[in-house]
Amino acid sequence: MQLQSMYQDIILDHYRNPHGRGLREPFEAEVHHVNPTCGDEVTLRVHLDGDTIADVSYEGMGCSISQASVSAMYDLVIGRSVPEALETGEHFMTLMQSKGDPAAAEKLEDELEDAVAFAGVSKYPARIKCALMSWMALKDASARALSVTHPTTPTGGQGA
Amino acid sequence: MTQTVSRPAGGAHRPPLPLDVEAIRADFPILSRTVRDGKRLVYLDSGATSQKPRSVLDAERDFYENHNAAPHRGAHQLAEEATGLYEAARARIADFIGAAVEEVVFTRNTTDAVNTVAYALSNAATAKEPSFRRYAVGQGDEIVVTEMEHHANLVPWQQLCERTGATLRWLGLTDDGRLDLSDLGTVVNERTKLVAVTQQSNILGTINPLEPIVARAREVGALVLVDGAQSVPHQPVDVAALGADFLVFSGHKMLGPTGVGVLWGRYDVLDALPPFLTGGSMIEVVRMEGSTFMPPPQRFEAGVPMTAQVVGLGAAVDYLQGLGMDRVQAHEEALTAYALEQLQAVPGVTVIGPPDTVARGGAVSFTVEGIHPHDVGQVLDDLGIAVRVGHHCAWPVVRRYGVPATTRATFYVHTGYDDVDALVEGVRSAQRFFGVTPEEATA
């Protein structure tokens, strides 16, 4: 049975007991992303303190992979600067493109912490979008939040 | 008939199936492969696309190996043969739905066929030739659809309304998965230009009563388009009995190749419509100043057509006629009755759509309490069972029933009770894997 490689216990724990779930105030930007192939949705807010991500709050519905992914992302990005968080997102993207290569997962273990458990998802092309949806929403929301708090910085700019 | 019965359910209703499943399976090469580490392929996704019997594959291959040429062009022997095979397939497909041969237009698929009509209606508004303006749609006109439509029979009508200023109206759904016809008399009215309705829902399985809708449309002079994407492959359909103006369906859902679909239209209606796509094949006379067009069906078949695919669809129709569409329907009805009974006996499983086989086809959608459909599908896939998960290109339908998505099993001629048993056992397996097995007592 291949299922365990995808549904690691860490993923199922995040799914059953999501971290940081719920929409909270204050926030500078709110985005709504959907996965048009399956109808999964996430509403995600970002609150910045300077360049630092002070809070990410979210509501959503979707499969275990999409819901666990946003929970693991929450743990990774709180307290980091926007560029750092987006870099972590790039690492996660690399993991998702690794087609289940264990070497890729090993290399990213330090950067991705719990989120490295999603390595098994990269073997299933149809599920990669589920895992990536929240990261796409974060990228979008943090760019919008920056454009509110740093009006002269171009959208998605370098922040610092 | 041999049925591999691994797990006879207590008291289950399993009458002998009308079709010889083992013999039919031997005709489908893909069913002999394995998936996910040696599992037997349990293909329950024919509603998305059907698998192809060897005779269809052979017909396409034979066309390319021995007769390939562009039909309706050239005078060489291959062109003659290609034209002959293309038109012979048209005649067989016309016969399959009880239509006249000149009323059958080949399109890419159902979506393409719906768009051909939708664009003809807006092109009619600006047509130079008065004979093409009869069915023009514009401001003040209304197009009627239903909340049950898949996106292919909804979005093109939304777009037609946006292009022309017409208004889109729709018939709603009842809680038990049927069309709500209580306001048919007001929704379809003297402003209605066209009513587009599915004959069989791709997600609920519901078979719609078309007679009252067609009758009401006739009273007000509206055209009727029937979406047969899920009905023509699974039940006998006769266009004379339908009484509609258009019937659209896809070849790939009825054992035929991808890339070919059918727009059937009443000849006098087709003849009064301007073309959607223009170019080669569909013209009569071309001058630099302007062109005139062929009569139907050629008027709606611009460019070199999907010739090998049409020939393949002809072979698919032969295969289905060999089985008999009455028996195909009876076969799926028996499987559907069994699947509904077995699935509804699993605690935590809720069927979305009619709970019995009254006016119902073989699309069985369901939810499993506590498990998202994607995760159900993943566990089933791991067991070699292919189902569809998601909103099934009918987003308003799943929204209407308050679920984000469903798991859907669809049946066809090669489906047996063993496939349904595998599905039901797979659902129980998903419940065990995710640790959400409700008490049997709550069933």
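This is a predicted model: local features need pLDDT of at least 70, side-chain atom pairs count only at pLDDT 80 or more; totals for chains, interfaces and linings use all residues.
**Entry 1: strand pairing in chain B**

Strand β4 of chain B, residues 104–107, pairs with β10(B) in the antiparallel sense, and I noted 4 bridges between them. Within this pairing I located B:F106, which stands opposite B:V262 of β10(B).

I then turned to strand β9 of chain B, residues 246–250. Strand β9 also runs antiparallel to β10(B), and 5 bridges join the two. Here B:F246 stands opposite B:G265 in β10(B).

**Entry 2: burial of β10(B)**

I asked how many residues of β10(B) are buried. Strand β10 spans residues 261–265 of chain B, and 5 of its 5 residues are buried. I next sorted these residues by face. B:G261, B:L263 and B:G265 lie on one side, B:V262 and B:W264 lie on the other, and both faces are covered. I recalled that side chains in a regular strand alternate between the two faces of the sheet.

**Entry 3: overall form of chain A**

I moved to chain A and recorded 6 helices and 3 strands. Along the sequence I read the order α-α-β-β-β-α-α-α-α. The radius of gyration of chain A is 15 Å, close to the 15 Å that the globule rule gives for 160 residues, so chain A is as compact as a globular protein of that length. Along the principal axes, the C-alpha atoms fill a box of roughly 50 × 30 × 25 Å.

I also noted that buried residues make up 41% of the 160 residues in chain A. Of the contacts in chain A with a separation of 6 or more, 62% are between residues 24 or more positions apart.

**Entry 4: helix α4 of chain A**

I examined helix α4 of chain A, residues 82–96. The helix has 15 residues and reaches 21 Å from its first C-alpha to its last, close to the 21 Å expected at 1.5 Å a residue. I listed the buried residues of α4(A) as A:V82, A:A85, A:T88, A:G89, A:F92, A:L95 and A:M96. Where do these buried residues fall when seen down the axis of α4(A)? They fall within an arc of 125°, so they line one face of the helix. I kept in mind that an α-helix has 3.6 residues a turn, so residues three or four places apart point the same way.

Finally, I looked up what covers the buried residues of α4(A). The covering elements of chain A include strand β3 (52–61) and the helices α3 (64–77), α5 (102–112) and α6 (125–149).

Terms used
Residues are numbered from 1 along each chain as its sequence is written. Chains are lettered from A and ligands numbered from 1 in the order in which they are written. The radius of gyration is taken over C-alpha atoms; the globule rule is 2.2 Å times the number of residues to the power 0.38. A residue is buried if 20 or more other C-beta atoms lie within 10 Å of its own, exposed if 12 or fewer, and partly exposed in between; C-beta atoms are placed from the backbone. Two residues are in contact if their C-beta atoms, placed from the backbone, lie within 7 Å. The expected span of a helix is 1.5 Å times one less than its number of residues. The arc is that of the directions from the helix axis to the C-beta atoms. Two strands pair if DSSP finds at least two bridges between them.
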